[in-house]
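Student: I'm new to this one. Could you show it to me and let me ask some questions?

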There are 2 protein chains.
Amino acid sequence: MKKYFVLISMVLILISCGGISKNKIIKVNDAVGLKSAIETAQPGNEIILANGIWKDVKIHFIGKGEKGNPITLRAEIPGKVFIEGESFIKFGGEYLVVSGLYFRNGYTPSKTIIEFRIDKNNIANNCRVTNSVIEEFTQPDRYMKDHWIEFWGRNNQLDHCYIAGKSNQGPTLRVNLSGNEHIRNYHQIVNNHFGPRPRKGGPKSETIQIGDSYTSMTPSHVNVSNNLFEKCNGEVEIISSKSNFNEFRNNIFYESEGSLVMRHGNYCIIDGNFFIGNDNSQFIGGIRVINTGHWITNNYFYKLKAEEFRSPLAIMNGIPKSPLNRYNQVTDVVVAHNTWIDCTSPWQFSVGANMNKSSVLPQREIRSARPKRILIANNIIFNQQPDELPIKAYDKVDGVTFRNNIIDNNDNNFNKYDGLDSKSISMDKITKQLFIPSENQSEILENTYPGFEFETIEKDIFGNSRTKQNYLGAISQSTNSNKIIINKKLYGADWYSNEKPKTEPNVIRVTSNTGLLAEKVAEADDGDILELSGGVYNLTESIVINKSITIRSMDATSNVEIRYSGAKDTPAFEMNPKGNLTLDNIILKGDKTEYAFSSLEKNMSKGYNLWVKNSQISNFKYILKSYRGSFADTISITNSVIKNSLNGIELAAETDDKGDYNAEFVTISNCRFENIKRNVINFYRGGYDESTIGGNLLVENSQFTQCGGDEKSKILLKTRGIINVSIANNTFTGNPVKYVALLWGEKNNTHDGNRLIKSGKIRVDQYLKQKLVY
Amino acid sequence: MKKYFVLISMVLILISCGGISKNKIIKVNDAVGLKSAIETAQPGNEIILANGIWKDVKIHFIGKGEKGNPITLRAEIPGKVFIEGESFIKFGGEYLVVSGLYFRNGYTPSKTIIEFRIDKNNIANNCRVTNSVIEEFTQPDRYMKDHWIEFWGRNNQLDHCYIAGKSNQGPTLRVNLSGNEHIRNYHQIVNNHFGPRPRKGGPKSETIQIGDSYTSMTPSHVNVSNNLFEKCNGEVEIISSKSNFNEFRNNIFYESEGSLVMRHGNYCIIDGNFFIGNDNSQFIGGIRVINTGHWITNNYFYKLKAEEFRSPLAIMNGIPKSPLNRYNQVTDVVVAHNTWIDCTSPWQFSVGANMNKSSVLPQREIRSARPKRILIANNIIFNQQPDELPIKAYDKVDGVTFRNNIIDNNDNNFNKYDGLDSKSISMDKITKQLFIPSENQSEILENTYPGFEFETIEKDIFGNSRTKQNYLGAISQSTNSNKIIINKKLYGADWYSNEKPKTEPNVIRVTSNTGLLAEKVAEADDGDILELSGGVYNLTESIVINKSITIRSMDATSNVEIRYSGAKDTPAFEMNPKGNLTLDNIILKGDKTEYAFSSLEKNMSKGYNLWVKNSQISNFKYILKSYRGSFADTISITNSVIKNSLNGIELAAETDDKGDYNAEFVTISNCRFENIKRNVINFYRGGYDESTIGGNLLVENSQFTQCGGDEKSKILLKTRGIINVSIANNTFTGNPVKYVALLWGEKNNTHDGNRLIKSGKIRVDQYLKQKLVY
């Protein structure tokens with residue numbers, strides 16, 4: 001009898017323990033408490049991180065929750081727990097949830113911020129990160145590689161997060177597939193807001209990469225749905241899908257300078273996405289297709305102007321029997337029920353064809369295998385302005401079947417294909433970016449082509465059933481359609497918005513007697529304007545520019561002169577991460593051994609901008625000196641004089657030839673360069689990487705006189721490897737060089753209207769032999 | 001009221017039509033009747049082909065049956081409808097069944113005998129061929145390519161068929177995947193008997209090929225289960241799987257000189273198969289692994305002696321970033337719960353490693369990428385005789401994890417690996433080829449390694465559940481296990497057996513006066529022996545050898561002399577398809593312009609054999625002349641004298657360098673060659689194809705005297721491209737050549753114990769530069 005009693009008691013205790021553990025809430029205030037809470041956590045437990053700043057926390061979230069009864073690690077108040085410094089969180093186990101954290105002011109000392117594994121033997125499955133933010137948690141140097149989020153294991157999820165501001169090398173989010181534990185993973189990447197990722201100036205800065213070429217044969221089944229990608233400008237690939245059976249549904253790609261790219265792997269589904277461009281950008285892309293069996297349905301493309309690799313629909317040429325990491329032939333792809341509105345040359349075929357480059361590339365790099373068994377059907381192209389070339393082909397189009405596509409080109413004068421019929425369509429303009437076909441249009445209703453398995457295209461982009469009414473294009477019904485495309489509230493963390501209120505800048509008056517200019521700059525708020533009265537401002541130390549600052553003279557007639565006499569090889573203006581300097585109407589003079597501007601030598605974690613106008617700069621060793629890892633989005637010098645210096649603008653520090661470069665947009669307009677002895681401009685990108693599409697150099701309406709005399713290369717404007725170069729309407733006089741410029745004809749390098757007087761010549765080489773990057 | 005009546009009547013008529021059609025049987029007697037029957041057939045109809053020979057019938061079986069209610073085309077009596085001549089059958093439509101046909105005495109004028117489509121736009125789905133036979137329905141010439149059975153579409157089936165005797169180029173059965181209509185096909189290839197396919201002498205003679213490198217990324221899902229592969233000796237690949245997710249279950253590979261090869265594609269399942277070898281053959285293989293993610297479980301390997309590409313388990317080295325059609329690295333493969341009994345070096349890793357061949361091969365051919373993330377667990381190796389090298393590695397084994405494998409090597413002296421533990425196992429020998437572990441052996445019971453997803457290995461090779469008792473190796477229970485491996489009745493057509501009763505040969509006495517020798521040969525039955533009495537037999541026309549015939553002298557002392565004086569460039573013995581000639585104790589003389597033996601110039605649809613012993617052959621232009629497309633399985637000359645002829649044995653007609661050659665086994669033993677002016681032996685294979693493993697030349701204990709004087713190449717025994725060459729214990733005297741032989745060191749070319757007197761030398765080149773085949 002006694003025995004039974006003991007047994008029953010134990011059972012009761014066990015049951016009640018189970019009961020207690022399910023509701024247990026453990027609040028922790030520091031890393032030690034957190035560690036101990038994790039170690040003892042049971043299914044159903046909630047570990048609460050106290051509000052405040054958590055610095056240098058390295059969280060190993062190891063545990064075994066249960067389905068419907070996870071272990072949760074969450075912020076006391078979502079958004080009020082700040083993870084800063086050198087921090088990360090790694091998951092090991094099952095059914096673990098992290099919620100409400102805000103990563104900022106720091107970076108990971110590991111290779112990841114969030115990782116769904118501890119190590120090779122300790123992997124996460126069924127784990128989740130939600131309602132959290134990672135903002136500019138970026139490595140100190142651009143060339144230091146990390147991935148902010150790494151997926152491993154199976155059935156893990158990232159949802160309702162805001163992720164933005166990665167400047168360094170490496171995709172923001174990476175799904176890893178190397179090992180059977182990680183395939184058939186069905187990871188969910190949903191309802192996130194991938195905010196701006198700045199241009200990186202080189203490859204390896206995708207927002208999402210799923211697998212790599214080595215694991216491109218795996219069945220992956222990642223679901224990327226209902227996310228907003230806003231200005232994800234890192235590189236030409238916003239998403240690089242490199243495995244099989246991934247699905248991309250109902251995402252919005254908003255003004256992002258890249259494409260959704262099926263880089264490796266096959267049989268992916270791209271359905272119901274919006275790709276939104278604008279009038280200003282030539283870089284906002286659509287979908288680029290490589291490999292086999294992808295279905296591209298119900299997508300909506302608005303005002304995309306990019307070309308070739310980033311064209312609205314780019315179907316590539318492949319390499320015959322391609323090596324694993326290069327370009328397979330495109331076959332068996334279906335493009336059906338999509339709509340292109342006001343896009344330039346929306347359909348581009350055999351993109352990347354380079355049969356004419358066999359002199360500079362090995363045979364295994366020649367993309368001569370044309371797309372095959374491609375079906376393009378039931379699509380609509382609608383243009384408010386005529387487009388001469390709605391279909392652009394870089395090779396013969398013999399493997400593509402066009403069926404029942406309609407174009408309304410507002411003009412009948414364009415290149416025509418069988419199966420792309422010119423018809424007038426009535427569209428209702430709902431918003432600036434959203435055009436919905438008007439009701440009851442027999443042309444687009446009664447004309448659908450019944451392709452193989454087209455019955456599986458059951459719904460339109462808004463989820464309307466196609467059973468009753470099956471329109472061509474992405475939108476099948478005007479009723480039951482959303483009336484706006486983008487509602488930011490649907491994406492990312494509910495407690496965070498990246499829409500900051502605009503504030504008017506302060507204008508701060510400064511005279512040469514007011515005190516040190518450097519202090520004034522330091523005190524100013526981001527965006528402020530320092531207005532200097534006439535006079536000489538002597539500087540002996542560099543001015544740090546780590547925010548947006550304008551320094552201008554009070555009026556165009558006052559002579560504001562800044563004289564820098566700091567240490568040798570230091571800059572007058574030290575461009576720090578996020579520095580954005582405008583000089584307007586300033587005379588800036590050095591003492592022959594200094595630099596006018598330079599980046600930091602290291603820790604350039606984010607980019608900078610420099611705008612010089614109506615100014616005069618002279619007597620420097622360098623006008624601009626940039627270091628490895630630094631990156632300027634824009635360097636613009638207009639209506640200015642640059643003279644009597646040893647070097648001009650040097651953006652040539654990325655010498656490891658991996659495709660990186662130091663500035664995206666460099667503009668010299670209406671300037672005069674005189675007596676710059678060596679590098680007048682030295683802008684460099686090394687390494688053959690056909691998917692990088694920068695930088696950009698515009699030199700126009702300027703004069704170059706007596707420059708380059710000591711330049712060893714005998715080239716005045718050095719632009720090696722730069723993709724977009726325009727040299728137009730300049731006058732070159734008495735520059736003792738061999739070449740004013742040596743241009744790369746194959747890329748977008750042009751010259752026009754220049755006068756060359758005793759200054760060598762401009763040579764154009766069609767092809768440039770470069771080191772292969774991969 | 002009237003209206004309703006009409007409507008109801010129509011409904012009734014429609015219903016009754018439906019009813020009638022279901023039971024309709026239409027018997028047809030000729031092609032015209034058949035065509036018309038097919039044209040009008042409704043679901044449920046049976047079209048009966050009348051018994052007898054149907055010659056030159058080209059059947060387009062087009063129709064729409066229904067699920068459970070197919071249209072059937074069947075033999076009146078299964079096996080009594082013979083399809084002969086130039087015939088084929090192609091399917092177009094759905095739910096069509098063909099049953100009971102016997103294809104023989106002919107070949108297809110198309111590229112297929114059975115094809116599951118009519119053309120690109122007319123594909124078969126859910127169609128079936130059952131209970132039928134295709135026997136030696138092979139093209140007239142070996143180099144003419146066809147596929148006997150081509151799968152297209154989806155859900156088609158070949159079951160209970162016997163398929164044997166394809167001699168020409170092209171896989172016997174080919175699954176095609178080019179186009180979305182053909183992927184995810186779930187074709188069923190089940191319960192068939194793939195009977196002997198003769199050695200072809202070159203590549204492209206697989207028994208089954210599923211896809212090709214161009215479609216190797218497709219999800220295919222072909223099921224090859226419960227088939228018997230008997231002596232499928234066509235080439236080194238019995239089955240070449242070149243797509244994803246195929247399954248190979250419970251097949252028996254019986255004395256077949258090749259392997260089940262995962263050539264392209266990934267994630268296939270190889271479960272529960274038997275691979276049965278014997279003591280005699282060095283060519284019977286197991287499983288060869290390339291690519292990613294295959295699971296090899298519950299397989300049983302008995303007495304396999306082949307090496308490298310055909311070793312019992314061959315895990316290959318890949319080419320880094322391999323081109324599409326070459327060798328991907330092996331990764332993420334699982335080999336668990338298999339049993340190897342009395343196999344030689346059963347586990348071979350990095351097969352195909354050829355880093356040392358960079359001087360003769362381009363970089364893209366170098367297989368230096370070692371297997372990675374391979375798990376070998378819970379397997380048993382059991383040897384009755386010790387095997388010194390159970391694991392053979394051609395490169396570092398750093399990517400393979402061994403866990404809980406057991407070897408009983410009957411000797412502890414062998415190369416050891418962690419995770420392959422030497423233990424004594426008790427096995428019950430059930431049949432010659434079947435060893436089952438005895439009951440209650442804790443060593444193999446309590447030691448299973450719980451690898452990732454090993455819980456999916458639910459059953460053993462005999463279908464016994466592993467839930468209660470989970471033994472290492474393929475067999476988990478001795479109870480409930482089959483007691484024999486092969487029951488031929490379970491495979492192929494129920495009305496057909498390939499086991500012919502053995503008959504005693506007739507011995508037919510012949511004298512030189514009896515009449516024409518040629519007539520006697522023609523009259524003889526297959527296998528008969530012609531016994532010639534002493535004397536001279538004059539021949540003026542070739543004797544046709546198209547069956548198995550022995551011509552021998554009555555006794556060793558009688559001088560039987562056959563004198564051939566036919567037309568110039570004709571043979572004394574014309575070797576026809578299936579010719580198998582033995583000459584024993586015969587003197588064969590020509591008149592200088594004839595051949596002793598030759599193949600047909602064309603239409604050598606099948607192979608031949610030639611055995612010469614104790615004989616003397618002289619005064620010919622060629623001893624043996626072979627033509628393109630001809631193939632001898634064996635040419636054996638022993639204890640004989642060959643002399644005073646212009647050329648000896650020429651097997652060098654496959655000059656298009658695609659890897660083909662004219663004979664598999666050539667043996668010269670205890671012979672004397674005298675005064676052969678040009679090609680003493682000319683045995684040639686051209687083209688680099690690393691997977692071809694022939695031919696075989698053995699020259700031993702023979703004398704070569706005063707030969708090769710007019711030979712332009714200055715080589716006495718020409719063996720270029722032949723894989724296995726052994727020249728041993730011969731004496732070469734006074735042969736005015738530069739080389740007796742020029743051997744290929746890398747391959748199995750050896751020489752030993754030869755005496756060379758005034759005869760040049762034997763040179764060995766390690767590597768041979770050859771034209772790439774693919």
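Student: How many residues does the contact take from chain B and from chain A?
Tutor: Keep in mind that this is a predicted model. Residues go on the list when their heavy atoms come within 4.5 Å of the other chain. The contact takes 28 residues from chain A and 28 residues from chain B.

Student: Which residues in chain B lose the most area to chain A?
Tutor: Start with the total: the two chains bury about 2500 Å² between them, with 56% of it on carbon and sulfur atoms. On the chain B side, three residues together account for 26% of what that side buries. They are N180(B), Y267(B) and K321(B).

Student: Which side chain meets R154(B) in a salt bridge?
Tutor: The count between chain B and chain A is two salt bridges. For a pair to qualify, a Lys or Arg side-chain nitrogen has to lie within 4 Å of a carboxyl oxygen of Asp or Glu. Here the N to O distance is 2.7 Å, and the partner of R154(B) is E453(A).

Student: Is N735(A) buried or exposed?
Tutor: You'll find N735(A) in the loop between β68 (731–733) and β69 (739–744) of chain A. Its relative accessible area is 1%, and the cut-off for buried is under 20%, so N735(A) is buried.

Student: Which residue's backbone oxygen does the side chain of N735(A) reach?
Tutor: Beyond its neighbours within four places in sequence, N735(A) is in contact with several residues, including F704(A), L716(A) and G760(A). The side chain of N735(A) comes to 2.9 Å from one backbone oxygen, and that oxygen belongs to F704(A).

Key
Residues numbered from 1 in each chain as written. Chains lettered and ligands numbered in written order. Predicted model: local features only at pLDDT ≥ 70, side-chain atom pairs only at ≥ 80, totals over all residues. Heavy atoms only, no water. Buried area = accessible area lost by both parts, 1.4 Å probe. Helix = DSSP H or I, 4+ residues; strand = E, 2+ residues; numbered from the N terminus. Buried < 20%, exposed > 50% of the residue type's maximum accessible area, 1.4 Å probe, protein only. Polar contact = N/O pair within 3.5 Å; in protein donor to acceptor, adjacent residues only side chain to side chain.
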